[in-house]
Amino acid sequence: AELIAEAVLAPIYGKAEIEQQRPFKTALKSDVWVISGDPARRNPRYMGGIFEIHISKTTGEILFLTHTK
């Protein structure tokens with residue numbers, strides 16, 4: 001699920017932006033993978049937003065995608 005998230009997010013927000021949010025938080029909730037960035041874990045002074053993406057475990061479909069400011 002994280003590889004799919006990266007493949008979708010990198011062209012939109014840039015690979016460097018997504019890499020800064022590692023390690024990702026990943027959870028399976030009702031057959032949906034919920035993956036979000038957590039820049040504070042790596043760099044507490046990070047000032048960018050955080051992504052969140054929901055991916056269907058069954059179909060791989062992107063159900064939701066956002067990136068805060």
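Author: One term before we start: a residue is called buried under 20% relative accessible area, exposed over 50%, and partly exposed in between. Also, keep in mind that this is a predicted model.

Reader: Okay, so Tyr 13: buried, exposed or partly exposed?

Author: Tyr 13 has a relative accessible area of 31%, so it counts as partly exposed.

Reader: And where does Tyr 13 sit?

Author: Tyr 13 is in helix H1.

Reader: What does Tyr 13 touch, skipping residues up to four places away in sequence?

Author: Ile 18, Leu 65, Thr 66 and His 67. Take His 67: 54 residues separate Tyr 13 and His 67 in sequence, while their C-alpha atoms are 8.7 Å apart in space.

Reader: Switching to the surface. Which residues make the nonpolar patch?

Author: Tyr 13 again, together with Ile 4, Ile 12, Ile 62 and Leu 65; the patch covers about 370 Å². Two elements each give two or more residues to that patch: helix H1 (2-13) and strand E4 (62-67).

Reader: Which one gives the largest share of the patch?

Author: H1 does, with three residues.

Reader: Now the inside. Which residues are in the largest nonpolar core?

Author: There are eight: Ala 5, Leu 9, Ile 18, Phe 24, Ile 35, Phe 51, Ile 53 and Ile 55. H1 and strand E3 (51-56) are the elements that give two or more residues to this core. E3 supplies the largest share, three residues.

Reader: Why edge-to-face rather than stacked?

Author: Because the 80° between the planes is over the 60 degrees used for edge-to-face, whereas stacked needs under 30.

Reader: And which parts of the chain does the pair link?

Author: Distant ones: Phe 24 is in the loop between helix H2 (15-19) and strand E1 (25-29), and Phe 51 is in strand E3, 27 residues apart.

Reader: Are Phe 24 and Phe 51 buried or exposed?

Author: Both Phe 24 and Phe 51 are buried.

Notes
Residues numbered from 1 in each chain as written. Predicted model: local features only at pLDDT ≥ 70, side-chain atom pairs only at ≥ 80, totals over all residues. Heavy atoms only, no water. Patch = residues over 30% accessible without salt bridge, like charges linked within 9 Å, V, L, I, M, F, W, Y side chains within 5 Å. Areas by Shrake-Rupley, 256 points an atom, 1.4 Å probe, with all protein chains shown as cover. Salt bridge = Lys/Arg side-chain N within 4 Å of Asp/Glu carboxyl O. Helix = DSSP H or I, 4+ residues; strand = E, 2+ residues; numbered from the N terminus. Core = buried A, V, L, I, M, F, W, Y, C linked by side-chain atoms within 4.5 Å. Buried < 20%, exposed > 50% of the residue type's maximum accessible area, 1.4 Å probe, protein only. Phe/Tyr/Trp six-rings, centres within 6.5 Å; stacked < 30°, edge-to-face > 60°. Contact = heavy atoms within 4.5 Å.
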